[in-house]
Amino acid sequence: ASKLFCKVPSGTCLGRVQGEFPENSKGFWKALSEDHPQARWDGENFSVCGLGDTGYAYFNKVATEIDERMQSLGATRLQNCGMGDDKDEEKWETAWIEWEPELYNNLELPTPPAVLSPPTYEVTTQEVGTEDEERIMPAGSSVLPLSVNQVVNPPGHDRDIRHFEIDLE
């Protein structure tokens with residue numbers, strides 16, 4: 001039997017398009033889905049925030065399933081399940097911004113400062129064929145030409161979504 005330990009009483013959940021658990025959380029869900037003595041969850045608190053997109057049929061299904069399962073096991077929900085939606089004005093952060101302060105309040109923790117950490121890396125780009133062009137590639141790799149680079153998002157959409165095709169011949 002799998003063991004399930006809840007050291008952190010909150011979680012952020014990402015699901016896949018069809019409401020499946022991501023690979024890195026399938027073990028967690030399997031352990032949570034097993035039979036557990038009701039008393040095992042007495043005194044356990046939890047909080048869940050899902051990061052989803054209402055454009056998909058199974059919007060925040062993973063978060064909802066975890067939230068419902070924890071409550072059915074007798075754990076105490078600290079707050080309503082957050083339902084981040086990538087279609088909101090500030091994407092999933094709209095719900096997160098509302099959900100997060102309540103979490104810190106429920107845990108009686110100070111709100112962390114809203115300071116951005118320095119970037120861990122920097123990326124610069126340049127046009128192909130420039131004099132100072134230097135390719136850094138792993139040994140044995142090769143450059144593949146991009147045969148299609150097509151914008152697929154609707155006009156006025158706030159993201160650049162593209163369809164790429166690579167010529168493998």
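Is Asp167 buried, partly exposed or exposed? Asp167 counts as partly exposed, at 33% relative accessibility. Here buried means under 20% relative accessible area, exposed means over 50%, and partly exposed lies in between (1.4 Å probe, protein chains only). The legends below take the views one by one.

This is a predicted model, in which local features need pLDDT of at least 70 and side-chain atom pairs count only at pLDDT 80 or more, while totals for chains, interfaces and linings use all residues. Residues are numbered from 1 along each chain as its sequence is written, and side-chain values use heavy atoms, with hydrogens and water left out.

**View 1. The whole chain, element by element.**
The chain holds three helices and six strands. Helices (H or I, at least four residues) and strands (E, at least two) are DSSP runs, numbered from the N terminus. From that end, the order is β-α-β-α-β-β-α-β-β. The chain has 169 residues, and 22% of them are buried.

**View 2. Helices H1 and H2 cross.**
Helix H1 spans residues 26–33. Its axis and that of H2 come within 11 Å and cross at roughly 30°. Axes are lines fitted to C-alpha atoms, for helices over the stretch in contact, and angles run from 0 to 180 degrees between N-to-C directions. H1 and H2 are therefore roughly parallel to each other. Angles under 35 degrees count as roughly parallel, over 145 as roughly antiparallel, 65 to 115 as roughly perpendicular, and the rest as oblique. The crossing of H1 past H2 is left-handed. That term applies if the near helix is turned anticlockwise from the far one by less than a right angle; clockwise gives right-handed.

Side chains of opposite charge can pair when their charged atoms come close. A salt bridge is a side-chain nitrogen of Lys or Arg within 4 Å of a carboxyl oxygen of Asp or Glu. The whole structure has four salt bridges. One of them joins the side chains of Glu23 and Lys26, at 2.8 Å from N to O. Glu23 is exposed, with a relative accessible area of 53%. Lys26 is partly exposed, at 36%.

**View 3. Lys87 reaches Asp53.**
The side chains of Lys87 and Asp53 form a salt bridge, 3.1 Å from N to O. This pair links distant parts of the chain, 34 residues apart. Lys87 sits in the loop between E4 and H3, and Asp53 in the loop between E2 and H2. Lys87 is exposed, with a relative accessible area of 54%. Asp53 is buried, at 14%. Asp53 also has another contact to look for: its C-alpha atom is 8.0 Å from that of Trp92. Along the chain, Asp53 and Trp92 are 39 residues apart.

**View 4. Asp67 and Arg77 tie a helix to a strand.**
A salt bridge joins the side chains of Asp67 and Arg77, at 2.5 Å from N to O. Asp67 lies in helix H2 and Arg77 in strand E3 (residues 76–77), so the pair ties together parts that are ten residues apart in sequence. Asp67 is buried, at 6% relative accessibility. Arg77 is partly exposed, at 27%.

**View 5. Two loop residues have positive phi.**
Asn60 has a phi near 50°, a positive value in a residue other than glycine. Asn60 sits in the loop between strand E2 (45–52) and helix H2 (61–72). Asn60 is buried, with a relative accessible area of 7%. Lys91 has a phi near 60°, again positive in a residue other than glycine. The loop of Lys91 runs between strand E4 (82–85) and helix H3 (93–106). Lys91 counts as buried, at 18% relative accessibility.

Leu144, Leu146, Phe164, Ile166 and Leu168 make a nonpolar surface patch of about 530 Å². Patches are made of residues with over 30% relative accessible area and no salt bridge; like charges are joined within 9 Å, and nonpolar side chains (Val, Leu, Ile, Met, Phe, Trp, Tyr) within 5 Å. Accessible areas come from the Shrake-Rupley method with a 1.4 Å probe; for residues, only the protein chains shown count as cover. Phe164 lies in strand E6 (residues 162–166). Phe164 is partly exposed, at 47% relative accessibility.

**View 6. Asp167 and Ser147.**
Asp167 belongs to the segment after E6. Asp167 and Ser147 are 20 residues apart in sequence. In space, their C-alpha atoms are 5.8 Å apart.
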